[in-house]
Amino acid sequence: YRPALLLAEIPQYGIIFRTFSQCARPLATLAGVLFVIFYVYDLVGMLLFGGKVTILTVAEHPDIEKTEPLYVYNNFNDFASGLVVLFQQLIVNNWYVTAQMLTDVTTNYYRYFFVSFFVVCVC
């Protein structure tokens with residue numbers, strides 16, 4: 001805490017600290033809105049995909065690629081793993097692999113879920 005106060009006394013660093021403090025409230029608001037969006041999409045994802053993706057269902061389904069076996073853990077079976085999937089969708093990290101796996105287990109109409117999340121959060 002004290003080194004930060006000392007750095008704030010230097011005019012150039014004071015400008016940086018004031019800028020961060022002015023950006024804190026809008027960023028907190030943005031984080032709150034993003035959390036609400038994640039919460040709603042996670043609950044809807046748990047209703048649509050909950051319990052449908054397990055190691056057994058992926059092994060039995062012929063359409064799912066077997067190249068990435070750890071992607072089976074990116075599912076909506078519980079709230080925490082749903083948040084991980086949504087964060088993966090948000091940062092666009094191989095989102096198409098997870099979306100393809102989940103739509104292979106269900107139907108192609110569930111792609112609208114991922115497209116709508118992409119439009120709401122990323123665009």
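**Exercises on cysteines and helix packing**

C23 is partly exposed, with a relative accessible area of 36% (between the limits for buried, under 20%, and exposed, over 50%; 1.4 Å probe, protein chains only). The model is predicted, so local features need pLDDT of at least 70 and side-chain atom pairs pLDDT 80 or more, while totals for chains, interfaces and linings use all residues. Residues are numbered from 1 along each chain as its sequence is written, and side-chain values use heavy atoms, without hydrogens and water.

**Exercise 1.** Determine whether C121 is buried or exposed, and count the disulfides.

*Solution.* Step 1: the relative accessible area of C121 is 16%, which means that this residue is buried. Step 2: with cysteine sulfur atoms required to lie within 2.5 Å, the count is zero disulfides.

**Exercise 2.** Describe how α1 and α2 are arranged.

*Solution.* Step 1: helices are DSSP runs (H or I, at least four residues); α1 covers residues 2–9 and α2 residues 11–49. Step 2: their axes (lines fitted to C-alpha atoms over the stretch in contact; angles from 0 to 180 degrees between N-to-C directions) are 5 Å apart, at about 115°. Step 3: the two helices are therefore roughly perpendicular (65 to 115 degrees). Step 4: A4, L7, A8 and E9 of α1 contact P11, Y13, G14 and F17 of α2 (heavy atoms within 4.5 Å).

**Exercise 3.** Describe how α2 and α6 are arranged.

*Solution.* Step 1: α6 spans residues 111–121, and its axis lies 12 Å from that of α2 at about 180°. Step 2: α2 is therefore roughly antiparallel to α6 (over 145 degrees). Step 3: the contact includes L34 and F38 of α2 and F113 and C121 of α6.

Technical notes:
Angles under 35 degrees count as roughly parallel, over 145 as roughly antiparallel, 65 to 115 as roughly perpendicular and the rest as oblique.
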